Amino acid sequence: SAEDGSQGWLRYAPIANANDYITVPSRVVALNVTRGSPVYTAQQELERGIKGIFGKQLETNSSVTSNSSAIIVGTLDAYRAAYGDLEDVGDLLDDGFFLSTEGLSVIIVGNNERGVLYGAFEYLSRLAQGRFLPISTMYNPQAPIRWTNEWNNLDGSIERGYAGPSIFFRDGFVVDNVTRVSGYARLLASIRVNGIVINNVNANATLLNDRNLQGLGRLADAMRPYGIQLGISLNFASPQDFGGLPSFDPLDPKVDAWWANITDEVYKRVPDMAGYLVKANSEGQPGPLTYNRTLADGANMFARAVKPHGGLVMFRAFVYDNHISPANWTADRANAAVDFFQHLDGKFDENVVVQIKYGAIDFQVREPANPLFSTLRNTSTSIELQITPEYFGQNDHLVYLGPLWKEILETDMRADSRPSKIKDIVSGIRFKRPLGGYAGVSGVGTNATWLGSHLAMSNLYAYGRLAWDASQDAEDVLQDWIRLTFGFDEQVMEIITDMSMKSWPAYENYSGNLGIQTLTDILYTHFGPNPASQDNNGWGQWTRADKVSIGMDRTVKNGTGNAGQYSPELASMYENIETTPDNLLLWFHHVPYTQRLKSNKTVIQHFYDAHYEGAATAQKFVEQWESLKGKVDEERYENVLFEQKFQAGHALVWRDSINQFYYNLSEIPDVAKRVGNH
Ligand code: GCU
């Protein structure tokens, strides 16, 4: 059958002879169900899923007798009230659930209604994957905040979005038709995302006008059945630009009162609003520094406004000066987050979370984890990941990001010489913080595939899965997604797994390797090769490549001192060339092109070879995909084939332009005689 991709991984495709392997109950009993609630959604989703997979229409009943079977869904409290205590359930956290398929009835109980829905999706996911063995398991989230950030503009465009216009806005206002918003909320609920910040961090204050506030109410209503809360990004200068006040100084009582008032208005329309996301004093955005106030003063102003309503403030740590001078050897954008935030640790209100990009620069193909994660001890933090592959070929290249995210999340920052994995910092466990979690910059649009490419959906799926439990294996998560999206064919599984798992290393190989950054154009598009754009700019994304040497010297002894922002164990590793991993060599060190790597290759020869290897892998993706002809429906087969052919060609462009650029600069021949003037 043709697949437009809009159901994503929630297809509930029929499983041949499924009824021979398992007998699912014939009825669903939803406890204390009210129309439009997540429990109601759970009931409907179960009907839909069982119908799809087993061809069986569930009956809905309001109760079940002890000698007949049902799928019972409800909160733990509701379950206990109806059927008495439930053994083995364990300690459920907020959004957690318990799923038992061992008894006569299937039992799905959540700590709250959202958890009930998650349990229904988990049960259906298991069935859809043919996982029929009985289980009794408790599921709890590792972090309370699991949001997406949608960089949608009010005019309907999407910053760094590659899948058509916005599903939220059009021509300055919230859209009238929220069908796609519900469809998106459904997908996100199935991977246990619980919040969506709908507008761009480069925010437009007219989001706060009356018509849009009403629109926010409609959007929140469309998400609420899926247990998803709506959040918004704010423009710091709104009191002046939109409210007509003479200033937006966070310590001016009139400004404070203005925010309190508009916040009350927002909550009238969206009583369960999740909170605000704020980008301040970054890339030309206004902020508290304009008035010589601290970033904490700025964040706390919003915190006071949302506090009575139970809201959060996600305050971005992506603050840096975008007019720094490349002539200054010790200037370094990678230092900015710690420079701006370290002295503010402990000064943020309790409902503020500092949202930190995974690396210190900007969603690059390889970056060490941002040193701010282990610097802030008395501040709640979250990690910002980018699902939309801004620097990764913008969904014209296949790049499965699960392994990259895993590498960052498993990085041990060794704070106070103790285990301090990023995943345990942002969950709140390591520094005993009440809040913490994940923000995934999504990029979905009106394109039927949501992200502009069928295969890119593995990234959205993996994001939710890892935000819930970062200890899961990136390949296992991928394979769940493949089974749900493409079915059970072994060759399909093998090929898509192989392509996906090779995709990040391949992209790194033919874009920028050894920690040099992506080497993409950074002036305009962030697409395609342009190594020359990476120097002599005010943005501070530099490689410092010259005729004989390359790389940022981030050492304490001779460079920008960035290595010293890490805990002593990591700092001494990064300070020395010998102990710096090859894949971060040029991130931390400025070395001659003839510097030997641990592999014994020179830096320049590694560049040449890696670019050939990466591009060759991308060529193979085409043949690999072609081997699936007939095993994947036509629509998706053709769509992916088109993308893979583009990637194969573009990988050659990458290979040749990067290699030629460094050959021209260094004039060092390629030992394999592929690069240069032969
Ligand atoms: C990147 C991206 C911008 C975005 C910024 C941010 O620089 O290219 O489009 O606004 O990050 O995260 O704020």
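The protein contains 20 helices and 18 strands. The model is predicted.

**Overall form**

Along its principal axes, the C-alpha trace extends over about 80 × 65 × 50 Å. The radius of gyration is 26 Å, which agrees with the value near 26 Å that a compact globule of 678 residues would have. Of the 678 residues, 55% are buried. Contacts also reach across the sequence: among those between residues at least 6 apart, 70% join residues at least 24 apart.

**Domains**

The chain is divided into domains as follows.

| Domain | Residues |
|---|---|
| domain 1 | residues 18–139 |
| domain 2 | residues 145–486 |
| domain 3 | residues 531–552 + 590–666 |

**Where domain 1 meets domain 2**

A distance of 32 Å separates the C-alpha centres of domain 1 and domain 2. Between these two domains, 14 residues of domain 1 are in contact with 10 residues of domain 2. On the side of domain 1 that touches domain 2, at least two residues come from α2 (38–54), and at least two come from α4 (113–128). Which helix gives the most to this side of domain 1? α4 does, with 7 residues. By class, the side of domain 1 that touches domain 2 is made up of 6 nonpolar, 5 polar and 3 charged residues.

Conventions. Residues numbered from 1 in each chain as written. Predicted model: local features only at pLDDT ≥ 70, side-chain atom pairs only at ≥ 80, totals over all residues. Domains from an automatic or database assignment. Contact = placed C-beta atoms within 7 Å. Helix = DSSP H or I, 4+ residues; strand = E, 2+ residues; numbered from the N terminus. Nonpolar A, V, L, I, M, F, W, Y, C, P; charged D, E, K, R; others polar. Rg over C-alpha atoms; globule rule 2.2 N^0.38 Å. Buried ≥ 20, exposed ≤ 12 C-beta atoms within 10 Å, placed from the backbone.
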